[in-house]
Amino acid sequence: MPNVIRINDLQTALQALLPVTVGCGVQQAVGEVEAFQYKEEGQHMANAVLARRNEFISGRRCARMALAHIGQVSCALPQDADGLPIWPAATMGSITHSRGLCCAVAAPADKIMYLGVDLEKTNRLSVRAMERVVHPLEAATVAEDQALGSLLFSAKEAFYKAQYPVWGAQPNFKDLALQIHHDTQQLSVLKIASNLPAQLRDATHRMEFRYQFIGDYVVTLCWLEL
Ligand SMILES: CC(C)(COP(=O)(O)OP(=O)(O)OC[C@H]1O[C@@H](n2cnc3c(N)ncnc32)[C@H](O)[C@@H]1OP(=O)(O)O)[C@@H](O)C(=O)NCCC(=O)NCCS
């Protein structure tokens, strides 16, 4: 499927899955050399390969599209020391890219507390990686299904991105067990590791998890409304 179709499908999927308070943007990174829209965003990219540089630029463009949806004027989104985008005051967001396809979500910080997005190919997860990602409580549902394994991988990455700006926690994939609800394209939390902070565990049980398969990609979202 050409990516132009995926861009439209991904945009439509995100809009359908997200609460109205969250904006989103979708883009395909270009193949030729692109300029940074804001020079302060590109300072750590001097030695990056072209694909990574363009993915970064495209991700930032998606982030500004998402921010525009929530009324934020265009501005630089530099990177902090941990590699997180620095969002404008009173906003928050998340960025993902996979093979040049990029998307971002953004929300007012007084409406949403945690927000994570992740995009993954569904046909690339090795058997070894599946073993690392799938929790024993998830094993019967996933069996050897690579697409379902990729869905769990992606949802856990979205969760990681959502919690990191608040907690800086670095959970393992098996610290979280999720149940897939195919009929509603939701996931629910079966278990969260007891070594994580109690407040994070409590918030995790209240988070919304959503997903959609689009061609050979899966997009996942995780958020908590205030
Ligand atoms: C940080 C991480 C989640 C990024 O995911 P990825 O699939 O490799 O890459 P994506 O393209 O989806 O996301 C990259 C973007 O995430 C953002 N990001 C980077 N580090 C981040 C962090 N610690 N927290 C939140 N967002 C982060 C950035 O915006 C980055 O894009 P940019 O550099 O162009 O700005 C991943 O590399 C990682 O370290 N995972 C840890 C293991 C894990 O997920 N465990 C799950 C436990 S339940």
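Gln 170 sits in the loop that links helix 5 to strand 5 (176-181), in what is a predicted model.

Helix 5 contributes six residues to the shell around the ligand, the most of any element. In total, 21 residues surround the ligand, and the closest are Ile 95, Thr 96, Tyr 160, Lys 161 and Tyr 164. Sorted by class, the shell holds 10 nonpolar, five polar and six charged residues. Both domain 1 (3-116) and domain 2 (120-213) take part, with at least three shell residues from each.

Now follow Thr 96 into the sheet, where this residue stands opposite Cys 103 of strand 3. Strand 2 and strand 3 (residues 101-108) run antiparallel and are joined by eight bridges. They belong to an open, antiparallel sheet of three strands in the order 1-3-2. Strand 1 (23-28) and strand 2 are the edge strands; each has a single partner, so one side of each lacks a neighbour in the sheet. From one strand to the next, the twist averages 15°.

Finally, helix 2 lies across strands 1, 2 and 3, running at about 150° to strand 1.

Terms used. Residues are numbered from 1 along each chain as its sequence is written. This is a predicted model: local features need pLDDT of at least 70, side-chain atom pairs count only at pLDDT 80 or more; totals for chains, interfaces and linings use all residues. A residue is near a molecule or strand if its C-beta atom, placed from the backbone, lies within 6 Å of it. Helices (H or I, at least four residues) and strands (E, at least two) are DSSP runs, numbered from the N terminus. Ala, Val, Leu, Ile, Met, Phe, Trp, Tyr, Cys and Pro count as nonpolar, Asp, Glu, Lys and Arg as charged, and the others, Gly among them, as polar. Domain bounds come from an automatic or database domain assignment. Two strands pair if DSSP finds at least two bridges between them. Axes are lines fitted to C-alpha atoms, for helices over the stretch in contact, and angles run from 0 to 180 degrees between N-to-C directions. Two residues are in contact if their C-beta atoms, placed from the backbone, lie within 7 Å.
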